[in-house]
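Please prepare a briefing on the structure shown below.

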Amino acid sequence: MAGRAEYFGYLDGVWERLKPNLGGTFTTYDFQKLVEVEAPDIWARFVAKWGPGGKGSGNRYSPARVLFNYLDRKANDELLVKDGYVKSTGSWGSPVVIQFRLMELASPPLSEEDLEFSEGKPEWKLHLVRERHTGVRANLLKARAATGIFCEICGATGNHLDKNIRNAMFEVHHATKPMSDGERKTTLKDLALLCVNCHRLIHKLVAVKGDWVDINEAKRSLLKNG
């Protein structure tokens, strides 16, 4: 692990220089080629440690595996989005590989409430992107399954729905106030699970108030006549 961390550090040193070349979606193969061209001195260290890669380079001990783990960590740190699997290129080790995308390029179209929510507030826009980060919702649903899945504002469980569609009624909301600098890794304790109705309403409430609304305040405002 210590050895891998050292090589991650080499990549961190050139990450900002590589980022402008990562437009759209890309794979580990694409990232490797970029490192080879833009940071040949670092790539030479990878080759000296694990060999050049090539066919079968998806094996555990290879530059490709370390590069994938590096990109995977960036996804866990919410700097990248895992964007699904595609057919691999050429003689790449695996027949299918995962695509990545820069987080700031991955924001989906915003709803009317979201546009009001984010207008003039860069940190709120980042909040919306992070809410939609691939894997965040799945991880929260998995974590909550042990204690019961329900909306943290209205308490709806969706137990009346078929189990194959029930989870579709829940969305992730960042329960903690957005940081203006955006330099914070999200953990599950920062997240709330809301039904789609309450999630839209809390965004609208923030837009109307022009300030952040936590879950307890949202409960008081949205349920006061309930």
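**Structural briefing**

Cys195 is buried, with a relative accessible area of 7%; buried means under 20% relative accessible area, exposed over 50%, and partly exposed in between, with a 1.4 Å probe and protein chains only. This is a predicted model, in which local features need pLDDT of at least 70 and side-chain atom pairs count only at pLDDT 80 or more, while totals for chains, interfaces and linings use all residues. Residues are numbered from 1 along each chain as its sequence is written, and side-chain values use heavy atoms, with hydrogens and water left out.

**Overall fold**

- The protein chain has 9 helices and 5 strands; these are DSSP runs numbered from the N terminus, helices being H or I of at least four residues and strands E of at least two.
- Read from the N terminus, the order of elements is α-β-α-α-α-β-β-α-α-α-β-β-α-α.
- Buried residues make up 40% of the 226 residues of the protein chain.
- Of the contacts (heavy atoms within 4.5 Å) between residues at least 6 apart in sequence, 59% join residues at least 24 apart.
- The protein chain has an accessible surface of about 12,400 Å², and carbon and sulfur atoms account for 51% of this surface; the areas come from the Shrake-Rupley method with a 1.4 Å probe, and for residues only the protein chains shown count as cover.

**Cysteines**

- A disulfide is a covalent bond between the sulfur atoms of two cysteines.
- With a disulfide taken as a pair of cysteine sulfur atoms within 2.5 Å, the count is 0 disulfides.
- Cys151 takes part in no disulfide, and the nearest cysteine sulfur, that of Cys154, lies 3.7 Å away.
- Cys151 is also buried, at a relative accessible area of 1%.
- For Cys195, the closest cysteine sulfur belongs to Cys198 and is 3.6 Å away, which is too far for a bond.

**Salt bridges**

- The structure holds 6 salt bridges, each defined as a side-chain nitrogen of Lys or Arg within 4 Å of a carboxyl oxygen of Asp or Glu.
- One of them joins Asp12 to Lys74, with the closest N and O atoms 3.1 Å apart.
- This pair links distant parts of the chain, since Asp12 is in helix H1 (residues 2-18) and Lys74 is in helix H4 (residues 63-76), 62 residues apart.
- Glu36 and Lys33 form another salt bridge, their closest N and O atoms being 3.7 Å apart.
- Because Glu36 and Lys33 are 3 residues apart in helix H2 (residues 28-38), about one helical turn separates them.
- Glu217 is partly exposed with a relative accessible area of 22%, and Lys209 is partly exposed with 43%.

**The buried face of helix H2**

- In H2, the buried residues are Thr28, Phe31, Gln32, Leu34 and Val35.
- Viewed down the axis of H2, these buried residues fall within an arc of 160 degrees, so they line one face of the helix; the arc is that of the directions from the helix axis to the C-beta atoms.
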